[in-house]
Amino acid sequence: MIRKFIEKVFTRNRGRARPASSPEVIPVTRHRVARAQISSCARRVTETLQKHGYKAYVVGGAVRDLMLDRKPKDYDVATDATPEQVHALFRRSRIIGRRFRLVHVMCGPETVEVSTFRAMQAVGEGDHLKDEHGRMLRDNAFGSQAEDAMRRDFTVNALYYDPATEEVLDYCGGAHDVETRTLRIIGDARERYREDPVRMLRAVRLAAKLDLSIEAQTQEPIREMGSIMQHVPAARLFEEMLKLLLSGHSLECVKRLRSEGLHHGLLPMLDVILEQPLGERFVTLTLQRTDERILGDKGVSPGFLFAALLWHEVLAAWNAAKERGVPPVPALHQAMDDVLSVQAEKLAIPRRFGSDMKEIWQLQWRLEQRTGKRPYRVLESEKFRAGYDFLLLRGESGEVDNELCDWWTRFQHAPEAERAEMIASLGKGPAKRRRRRRGKREGSGNDGGADAPQPGPTDGD
Ligand code: ATP
Ligand code: MG
């Protein structure tokens, strides 16, 4: 007992979590997470595994979130059963993953991720490979529960909850870190970031989302190690970026990424954009809106989000092409392709998002063409809603005239006669356009209701 206490104090004084081989058992009176708070699927999974003689605990984000009084996003279970043994016990389950094999168990709409205890140290050749930068390529060597705790990223993520006893097993001092709201890496920060640079992103995301402070030795190396993020495969980076952007705290996350110097290189899109005032305002607004929607349980489309994040790059490339004498439409196509191909290399934006993004961008041009039948065709576009919401953001950030936004707000809901009038009266609006078109429209007898702006944004979702 005394040894354990001294070891813990010593460990903490050095500011580094080193796991003990036997865990501290935290009773429900201290951690206050009752069995009933655990999802029924996660309970069913742990019960079934335990009934068949295996160890099984809820682990990771769910335990951490519950202890912090938050609602978990999903549930992870850790067990000493192999993926095949887990799979054999649940009819609705499948083994997934290569780098990290685990089992998805489905109950109704819920999926619980079940992983077998992993070891930290290389056990068998090929089970635990690192590349030349020290990055872990595979992580499939099974191990004890204590080893499993040690290979996790942060102490608050290495707490094991047993729904049967309502006890939490703590190998790394995570319970204390939850209580003091500290995010602390397990082991040596530099080494852990080298093994998997994505942990730096996770640190930023979890700290922002859960309002934790990053402990000094966990934080310190991030600034200097940002560049190793380039060794992470683009698809994995995209996945992590998406998690970060859809965390409900994207603005805070991006602010922290900037203050950690992680946005350079890591987020090619943000390098340029955030450094110009109009771009920064637009991105800030986009992230704010995204966060509001997520926290209000509304859906967010990744295509829209990435279209917004990259918009100012598209704008710059579009303007440059137009200045070279390329007509607007082909210039826009060139710009979109250029921007997407650069991003494809660095961030592997999946193809389906790419086509949504292009459609939203093209609509920005089309929304400005308000003559003849064009506005009607724009309304029929499948992505009209997204394109229009995007336009409103541009209006709010000061990039386009609010007259254009108000016109579309009104036009989309107006009865046919009013629509025709809105189109016809466009030429009668602001002085410049009126002068240019006067000759053509003389005698139309319409003195233009279009310049009375309609009240603001829609209620849309
Ligand atoms: P959330 O689900 O809220 O995003 P989480 O911590 O549950 O957060 P997951 O990606 O679901 O994140 O991972 C589950 C657990 O797996 C983590 O809590 C952590 O213990 C472990 N883990 C995830 N990613 C890593 C990593 N890169 N290195 C080490 N351990 C990790
Ligand atoms: Mg999780």
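User: How many residues surround ligand 1, and which are the closest?
Analyst: Ligand 1 is surrounded by 17 residues, and the closest are R64, R152, D196, R199 and R205. A residue is near a molecule if one of its heavy atoms lies within 4 Å of it. This is a predicted model, in which local features need pLDDT of at least 70 and side-chain atom pairs pLDDT 80 or more, while totals for chains, interfaces and linings use all residues. Residues are numbered from 1 along each chain, chains are lettered from A and ligands numbered from 1 in the order in which they are written, and side-chain values use heavy atoms, without hydrogens and water.

User: Which atom of ligand 1 does D196 approach?
Analyst: A polar side-chain atom of D196 lies 2.7 Å from a nitrogen atom of ligand 1. For R205, a side-chain N or O atom is 2.7 Å from an oxygen atom of the ligand. Polar contacts are pairs of N or O atoms within 3.5 Å.

User: Which element gives the most to that shell?
Analyst: Helix α9 does, with four residues. Helices are DSSP runs of H or I with at least four residues, and strands are runs of E with at least two.

User: Changing topic, how do β5 and β6 pair?
Analyst: Strand β5 (residues 102–107) and β6 are antiparallel, with five bridges; strands pair if DSSP finds at least two bridges between them. H104 has E113 in β6 as its bridge partner. The two strands form a hairpin with two residues between them, and G108 in the turn has a positive phi of about 55°.

User: And which way does β3 run against β6?
Analyst: Strands β3 (residues 75–79) and β6 (residues 110–116) run parallel, joined by five bridges. V77 is partnered there by V114 of β6.

Conventions
A polar contact is a pair of N or O atoms within 3.5 Å; within protein, one must be able to donate a hydrogen and the other to accept it, and residues adjacent in sequence count only if both atoms are side-chain atoms.
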